[in-house]
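Subject: Structure handover

Hello,

I am passing on the structure we spoke about.

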Amino acid sequence: MGEAEIRSQVSTIISKIDALRPLLVASGRSGDQTRHVDDEAFAALVGTGAFAVSAPEKFGGLAANTRESIAVARAVARGDGSLAWMFGILDSGAWVLSLMDDRAQADVWGNDADGNRLVSIVLATTSDSTPTDGGYRVSGKWAYGTGSTHANWSLLGIPLRNGAGEIVDAGLALIPASDLSSEDNWHVAGMRSTSSVTQIAQDVFVPAHRVLPLTAAVEGDHLGSNTETTYRTVFVPSLFMKLVGPHLGMGRAALDFLISHADTKSIPYTGYEKQADSSIFQSVIARASVNLSAAESVAQQVADEIYAGADRDYYAPYATRIEMRAKAAWVVETITAVINDLVTAHGSSGFAEASSLQRIWRDQATAATHGHTLGASGYEAYGKVLLGREDDARFVLPIV
């Protein structure tokens, strides 16, 4: 497993999630129709302890390394990609909170021994803030608030201004759900049940200890006192790798689906009464399995590189972080191609509303457009780095 081995406590959580897979598959179908994750399924996932994996040990969490977070998300996604995406975002919120001032962590987890109070996160600074005595007054709208309808708190991007009103940095403001309203405008083709509403704040006061300056965080200057290795890892790569896990699980779910139907589904207009008898179909399945294994290996390699660097107090420079970003993009693009091939191989019945395959296809395709793992910008920036043009790369992706 390498330096970032999956510990037995996390393996136990994964086993519990695996046991929930029939429920997650069924609830994913209903959630896709209602545009809201099934309450029973969400509560069952909370009951596994999954949402506490990235919380600090002092608050009942497991301080999960990146490989562990990926593995948990992957397990959820083999049942329901939308729920896995929600997990990835909420897991990110917990991890970022763990880097913040100890008082902010106590505000969220201080009265919650199991670490299950949930924190959603949106990095975009689609807002304004005014410095005031003891903190900031914040107003704004943030899309898309994945997981926010189930979260107790949200970390939301804000511009940080000085006394003269000049923007000097960006930050994340920790705001309780009770201080936020929302607009239900998440009407999309995939990831429908994530309820990724737009969150709204109107002149909300945020104490200074609940604000994380992003420039310092991106360069490894964290505010909290947690000593676990995971909280010394590179900031942005740790976040985008948490979003790779759902893709890995959806890829496996699509392959699982085809294999489970291969002995009962024919290939129309051919002599094959079973897809499993066709050499071409067998080749598609084999190629998909190999490509998924390759994607998982690259994801694990990046996760281990992230953890190993922190373990030896090494904070990877921009060029190395860009390489991680490009590899994450490759993983996502590989899974997108695998799922497209599998959908084609299965045939038109996979597009039936009752089929989970078309939901996997829609969910993964939607998630693949997320800016944190988008291939075009990742490859462009990494190509510039390889050609010795790092300043140009920073124009493309200034924050990595």
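Predicted model: local features only at pLDDT ≥ 70, side-chain atom pairs only at ≥ 80, totals over all residues.

Helix α5

Helix α5 covers residues 81–97, which makes 17 residues. From its first C-alpha to its last it reaches 24 Å, close to the 24 Å expected at 1.5 Å a residue. The helix is mostly covered, with 17 of its 17 residues buried. At its start, a side-chain oxygen of Asp80 comes to within 3.1 Å of the backbone nitrogen of Ser82.

The sheet

Four strands form an open sheet in the order β1-β4-β5-β8, and their pairing is mixed. The edges are taken by β1 (119–122) and β8 (211–213); each has a single partner strand, so one side of each is left without a neighbour in the sheet. On average, neighbouring strands here are turned by 30° against each other, direction ignored.

Strands β4 (residues 153–161) and β5 (residues 167–176) run antiparallel and are joined by nine bridges. Pro159 has Ala170 of β5 standing opposite. Helix α5 lies across β1, β4, β5 and β8, and runs at about 95° to β1.

In soluble globular proteins, nonpolar side chains tend to be buried together. The largest nonpolar core in this model has 102 residues, and the members that touch the most others are Ile17, Val96, Leu174, Phe235, Met241 and Leu342. Helix α5 supplies the largest share of this core, eleven residues.

Beyond its neighbours within four places in sequence, Phe235 is in contact with Trp95, Val96, Leu99, Leu212, Leu214, Ala217, Val218 and Tyr315. Another core, of 14 residues, lies apart from the largest one; among its members are Trp142, Leu156, Leu160 and Ala201.

His150

Is His150 buried or exposed? Its relative accessibility is 18%, and buried means under 20%, so His150 counts as buried. The residue sits in the loop between β3 (135–145) and β4.

Setting aside neighbours within four places in sequence, His150 is in contact with His36, Val37, Asp39, Phe42, Met86 and Leu118. His150 and His36 are 114 residues apart in sequence, while their C-alpha atoms are 10 Å apart in space.

Regards

Methods
Residues numbered from 1 in each chain as written. Heavy atoms only, no water. Helix = DSSP H or I, 4+ residues; strand = E, 2+ residues; numbered from the N terminus. Expected span 1.5 Å × (residues − 1). Buried < 20%, exposed > 50% of the residue type's maximum accessible area, 1.4 Å probe, protein only. Polar contact = N/O pair within 3.5 Å; in protein donor to acceptor, adjacent residues only side chain to side chain. Pairing = 2+ DSSP bridges. Axes fitted to C-alpha atoms, helices over the stretch in contact; angles between N-to-C directions. Contact = heavy atoms within 4.5 Å. Core = buried A, V, L, I, M, F, W, Y, C linked by side-chain atoms within 4.5 Å.
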